[in-house]
Amino acid sequence: MAEKLRDLSQPIDVPLLDATVAAFYGTGSSEERHVADQILRDLQNNPDMWLQVVHILQNSQNLNTKFFALQVLENVIKYKWNALPVEQCDGIKNYISDVIVQLSSNEVSFRQERLYVNKLNIILVQVLKREWPARWTTFIPDLVTAARSSETICENCMTILKLLSEEIFDFSRGEMTQQKIKELKGSLNSEFRLIHELCLYVLSVSQRPELVRATLSTLHAFLSWIPIGFIFESLLLETLLKVFPISAYRNLTLHCLTEVAALHFGDFYNMQYVKMYTVFMMQLQAILSSGSISDAYANGSNEEQAFIQNLALFLTSFFKNHIRILESTPENRAALLLGLDYLIEISFVDDTEVFKVCLDYWNLFVLELFETYNQVGRLLGAQRIPGTDDATLIAVQQRRQLYAGSLSKLRTLMICRMAKPEEVLIVEDENGNIVRETLKDNDVLVQYKIMRETLIYLSHLDHEDTEQQMLKKLSKQLNGEDWSWNNLNTLCWAIGSISGSMVEEQENRFLVLVIRDLLNLCEFTKGKDNKAVIASNIMYVVGQYPRFLRAHWKFLKTVVNKLFEFMHEMHPGVQDMACDTFLKIVQKCKRKFVTLQVGENEPFVSELLSKLPTTIADLEPHQIHTFYESVGQMIQAESDNTKREEYLKRLMSLPYQKWAEIIGEAGRSVDILKNEDVIRSVLNILQTNTSVSCSLGPYFFPQISVIFLDMLTVYRMYSELVSSTIAEGGPFASKTSFVKLLRSVKRETLTLIETFLDKAEDLPHLGKQFVPPMMDPVLGDYARNVPDARESEVLSLFATIINKYKGEMLEEVPRIFEAVFQCTLEMITKNFEDYPEHRLQFFSLLRAIGTHCFQALIQLSSQQLKLVMDSISWAFRHTERNIAEIGLSLLLEILKNFEASGFQNQFYKTYFLNIEQEIFAVLTDTFHKPGFKLHVLVLQHLFYVVDGLTEPLWDASTVPSQYTNNAMFVQDYTIKLLSSSFPNMTPVEVAKFVDGLFSSRTDLPSFKNHTRDFLVQSKQFSAQDNKDFYAEEAAVQREKEHQRMLSIPGLIAPNELQDEMVDS
């Protein structure tokens, strides 16, 4: 049976193919499905299968079989169309057109075969993209003529036109070359008059709902790009507004009106826009005549809910582009304010997607008002600039006055619906219980960011109204009138979010009231859940206002002592949030804690260290580590060396005491270190040290020097214990809790050393002091261990050391290389999955060596250098994005270093062709698109460097000496390489691409665009997702936005600013 189907020398047995497809989709045994799958795959891969498509479509009774045949045909059209003889192309084109007309001319067959017709439409559009306009000039007139012959054909013609528009304007990026897109857009534009007349004719005459809907849907696809005269200088807009009140067409018409609202072509059509908006608002008032929009949404059908969402889209689009023309006359202003009120009402609808649409607009609206107001404010503050008259200032004031009511309602909206910030860990679950948050919701965080920004602009526009609304809502929480967890949460999140936007005096007055009220609320409110919610809000608010806390020591002390109280509160999430908030406050107010404040007997840090055991008594280990990191931050702010060392000694006395005790007992009996409780204690002590080291940087030296050698001894012992356990118990032993615990201690030891060396900025001698003692216990141990017992942190540690001490480590590199290189490569080159951390850190280490100790690479033997180059290729072939990126960056650095080394001829003669081949391989497959920028840089470097090489890149003994220089050879080699890889491209196309690479090698943007076009043309990339081609352009945009945000007070929260905030 299978052989009969696979024999395509005669017409295929269609009933047998139907049976095979039925078996694949059927409910038979998995064996039957597997056999059917294999047969269908073989047929799909057979280059002659497409010749059977017409025969199958004419004779098959099974829809799935027809789809299978059309899939084969679609692949031929996409990838082999230009290679087919003209007669065969015409045959396919005519057959598809005939079948579509035949099926869509009859109402019954059109409805029954709808899925089949839709697929045929898609195939026809694929043909059009290749044939029209050059080889099918009459397509649009033919289509319009056919459409006028029957309403069902007309309905299907609308579908084809919509598909065509989407293919050219929406999905073309990455699918077609820029030249082809331009050609198709020009053709559609020039022939649109016929389509326009057809659409108007249908909307005016047809009584058939399906056809009217299809026409509106097609118009929606076309409106964003058609010549503007077709909209405003014809009856189109008037026709759409007439259709809008009819409920069956309301949503589709609203889509079309939204597209028109989104267009903006200067002032020429302003009057038409005003008329359109006025007529629309009159009709809308009739539709929304009774009840609130929120209730209508909550109780409405799907269609009614979609209408409210579409209304939000229309209003936001119109206001984004044309709000200024509605500000001109009193009648227009009344209609404008009505529209804004409707939009604010829609913003209260309980639906996330609807709210996002509104929020995006409110953000733009208040930003534009703020920027205009801000510019005028600067003019008033500065000397009068010639040319700025009172009329400008009056216009800005009037505009602010016009929107004052809407802005006040907007503040209410933002405060009532404020999203949860990242710092808040206490949430209400679906059962109404207060619990610790387990997963971050990224959508909520994005929403919070936009709402926060919007509220800051609103606050700048009227600080008084913002403050009054917040204090009024807070007083309603205190008197119980409006008390609920959600109301208190959103209010406090809003209060925290405007930090930095008020002038200091106003902020101080406002916060004194807020913090006092919140502390009072915490005192008199009963119930553990209620207290947890209030506690989380107090912590969030105080964490957002470091400037206020620095200026008010008594408040700062009260707040910190309140946090210490919360550290004894066992409600889930409260202790975590208390420790996190303590760290955040200390980072911004650290000097306050080491300075003797008025009315105090000693600096706060000293008082804290005296009570330390009591304060941390109820905390979990990970919370203690955060607490220690916070105190470390305080100590780091102490400028007196003696006091700092004394504070550090007091801070570390508890963990050090425990450490000395364990080491002392181990001296008497080493077996004590094998006790699981002792291992956990050792781990906890090391983690505490790491936390403090992270804060103190170089000032941690007195502490680490005391435990360093004992730490290495414990490391060596645990390492041997891990090895012997794995050797005795086999691979499964590495998964036991005992071995995992031992390895955690090893890893933490390495992390502690790495953290200290990384942070120790001012101690260049440390490299020489700390590295030699680690060579055997750490590096030697890594080399000796079985793969499952090797720690990736070893690689990370030595990468940090080389990045830190650079050329000073040159003589150590051979030993590092010898210990880790070969054995790690064996672990990671078996496949792309095992040992993911080792992969990443291994290539990071290699990059550190390549960047800072390049001399060490030159001194390697040719076999060792080949290993390095092979491992770099292995890295950039990796599908894990960050590993591939490290590999490509390292390759680029090595290429540049070799170019200036004096050894470039030998290096490139050995590796040039191999690198080029490997880079083209990853450039043209779909798994490595994110590396596009670096692929292009490497290729550009290779083609640029070719002219500077003095020795031939080709092997004279095997290649005839027809080449006069390296550029000629590389050009020829590249053409052959690409021609063999892309048989679907003609030799002329490949040669043109390679010539383009050489001619643009000194101009990176041209080189990049040329490569993008080739990737589209080669059909290796479809339009799945080509945003990685344009990643650089996006990065420049992000940096501009960051600079803008820095210029507006409060937009970047005070606790997020990178620069150290100076304690006053």
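A salt bridge here is a side-chain nitrogen of Lys or Arg within 4 Å of a carboxyl oxygen of Asp or Glu. The model is predicted, so local features need pLDDT of at least 70 and side-chain atom pairs count only at pLDDT 80 or more, while totals for chains, interfaces and linings use all residues. Residues are numbered from 1 along each chain as its sequence is written, and side-chain values use heavy atoms, with hydrogens and water left out.

Searching the whole structure turns up 45 salt bridges. One of them joins Asp341 and Lys409, with N and O 3.0 Å apart. Asp341 sits in helix H20 (residues 330-347) and Lys409 in helix H23 (residues 404-417), so this pair ties together parts 68 residues apart in sequence; helices are DSSP runs (H or I, at least four residues), numbered from the N terminus. Asp341 is partly exposed at 29% relative accessible area, and Lys409 is partly exposed at 39% (buried means under 20%, exposed over 50%, partly exposed in between, with a 1.4 Å probe and protein chains only).

Glu131 and Lys93 form another salt bridge, at 3.3 Å from N to O. This one links distant parts of the chain, with Glu131 in helix H8 (residues 114-131) and Lys93 in helix H6 (residues 86-104), 38 residues apart. Here Glu131 is buried, at 2%, and Lys93 is buried too, at 7%. Arg41 pairs with Asp37 within helix H3 (residues 30-45), 4 residues apart, or about one turn of the helix, and their closest N and O atoms are 3.1 Å apart. There is also a salt-bridge network, made up of Glu107, Arg111, Arg114, Glu155 and Arg208.

Turning to helix packing, the axes of H34 (residues 621-636) and H35 (residues 641-668) come within 10 Å and cross at roughly 165 degrees (axes are lines fitted to C-alpha atoms over the stretch in contact, and angles run from 0 to 180 degrees between N-to-C directions). That makes H34 roughly antiparallel to H35, the word used for angles over 145 degrees. H34 contributes Tyr628, Val631, Gly632 and Ile635 to the contact (heavy atoms within 4.5 Å), and residues on the H35 side include Arg644, Tyr647 and Leu648.

Lys806 has a positive phi of about 45 degrees despite not being a glycine, and lies in the loop between H40 (792-805) and H41 (813-828). Tyr835, also not a glycine, has a positive phi of about 50 degrees and falls in the loop between H41 and H42 (836-852).

Note on methods:
Helix = DSSP H or I, 4+ residues; strand = E, 2+ residues; numbered from the N terminus. Parallel < 35°, antiparallel > 145°, perpendicular 65-115°, else oblique.
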